Amino acid sequence: MTPSSSPAFLVSGVILAGGRATRMGGDDKGWVPLAGTPLIEHVLTRLRPQVDEVLINANRSQARYRQLAPVIGDAQADFQGPLAGMLAGLTAARHDWVLFVPCDGPALPLDLMTRFRAAITPDTDLVVAHDGEHLQPVVALLRRSLCPSLQQALADGERKTGAWFARHRMAVVPFADLPDAFVNLNSPAELAAWEARLREGGAP
């Protein structure tokens with residue numbers, strides 16, 4: 001087992017908050033309140049204990065986000081999607097492994113990195129979560145050495161996260177035992193439904 005694949009390797013965490021949030025009425029999704037607390041803070045609470053550095057990828061409200069963690073923006077200003085945020089994260093991260101999570105995932109597993117670490121072999125380029133039905137490409141652990149490949153993919157017009165992932169040696173980690181782990185609150189209706197579950201004690 002190589003040093004970078006040992007359980008002790010350091011990890012940078014990047015919260016992806018750089019999207020347009022069109023289904024949330026264009027509001028900056030990270031600052032949309034859930035049970036009185038911004039979504040970004042719910043995510044931070046779950047992420048911080050699992051990583052050694054936290055960065056936020058954001059293309060607006062940057063001064064506000066900087067109150068929580070260092071902020072990095074996309075290289076381009078036209079909202080090119082999660083891959084652009086991942087490139088920004090890989091470029092800025094201090095550590096050789098970088099964990100990406102979305103800003104609208106308030107139920108991220110508390111053992112996310114524990115499971116991801118267990119899946120890594122010396123040949124692994126990236127690790128991605130699977131909810132039992134679908135791949136969750138914005139919950140992924142990437143080697144920082146993938147930066148040149150991702151930069152070229154974006155230059156070539158690639159915008160599909162899964163398509164770029166498939167070019168590399170990928171480990172898929174199942175989370176079917178945690179059916180709510182990767183809930184994304186993309187609309188006011190989804191937000192209201194999750195708040196109702198929180199009030200009833202039915203959300204993690």
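Contact is taken to mean heavy atoms within 4.5 Å. The structure is a predicted model, in which local features need pLDDT of at least 70 and side-chain atom pairs count only at pLDDT 80 or more, while totals for chains, interfaces and linings use all residues. Residues are numbered from 1 along each chain as its sequence is written, and side-chain values use heavy atoms, with hydrogens and water left out.

Thr37 touches Val32 and His42, residues up to four places away in sequence not being counted. Thr37 belongs to strand E3 (residues 37-38); helices (H or I, at least four residues) and strands (E, at least two) are DSSP runs, numbered from the N terminus. With a relative accessible area of 27%, Thr37 is partly exposed, where buried means under 20% relative accessible area, exposed over 50%, and partly exposed in between (1.4 Å probe, protein chains only).

Seven strands form an open sheet with mixed pairing, in the order E5-E4-E1-E6-E8-E7-E9. Its edge strands, E5 (71-72) and E9 (170-174), each pair on one side only. Two strands are said to pair if DSSP finds at least two bridges between them.

Strand E1 is mostly covered, seven of its seven residues being buried. Val11, Gly13, Ile15 and Ala17 point one way from E1, whereas Ser12, Val14 and Leu16 point the other way. E1 is joined to E6 by six bridges, and the two strands run parallel; Ser12 stands opposite Val98 in E6. The pairing of E1 with E4 is also parallel, over six bridges, and here Val14 stands opposite Leu55 in E4.

Glu53 lies in strand E4 and is buried, with a relative accessible area of 10%. Residues up to four places away in sequence aside, Glu53 touches Val11, Ser12, Gly13, Ala93, Arg94 and His95. Helix H1 (residues 39-47) lies across strands E1 (11-17), E4 (53-58) and E6 (97-102), and runs at about 165° to E1. For this angle, axes are lines fitted to C-alpha atoms, for helices over the stretch in contact, and angles run from 0 to 180 degrees between N-to-C directions.

Elsewhere in the sheet, four of the five residues of E7 are buried, so E7 is largely enclosed by the rest of the structure. E7 pairs with E8 in the antiparallel sense over five bridges, and Leu126 stands opposite Leu142 in E8. The two strands form a hairpin with four residues between them, and Gly132 in the turn has a positive phi of about 105°. Five bridges also join E7 (residues 126-130) to E9, and these strands run parallel. In this pairing Leu126 stands opposite Met170, while the bridge partner of Val128 is Val172.

Met170 and Val172 also form, with Leu135, a nonpolar patch on the surface, with about 210 Å² of accessible area together. Leu135 lies in strand E8 (residues 135-143) and is partly exposed, with a relative accessible area of 32%. Patches are made of residues with over 30% relative accessible area and no salt bridge, like charges being joined within 9 Å and nonpolar side chains (Val, Leu, Ile, Met, Phe, Trp, Tyr) within 5 Å. A salt bridge is a side-chain nitrogen of Lys or Arg within 4 Å of a carboxyl oxygen of Asp or Glu. Accessible areas come from the Shrake-Rupley method with a 1.4 Å probe; for residues, only the protein chains shown count as cover.
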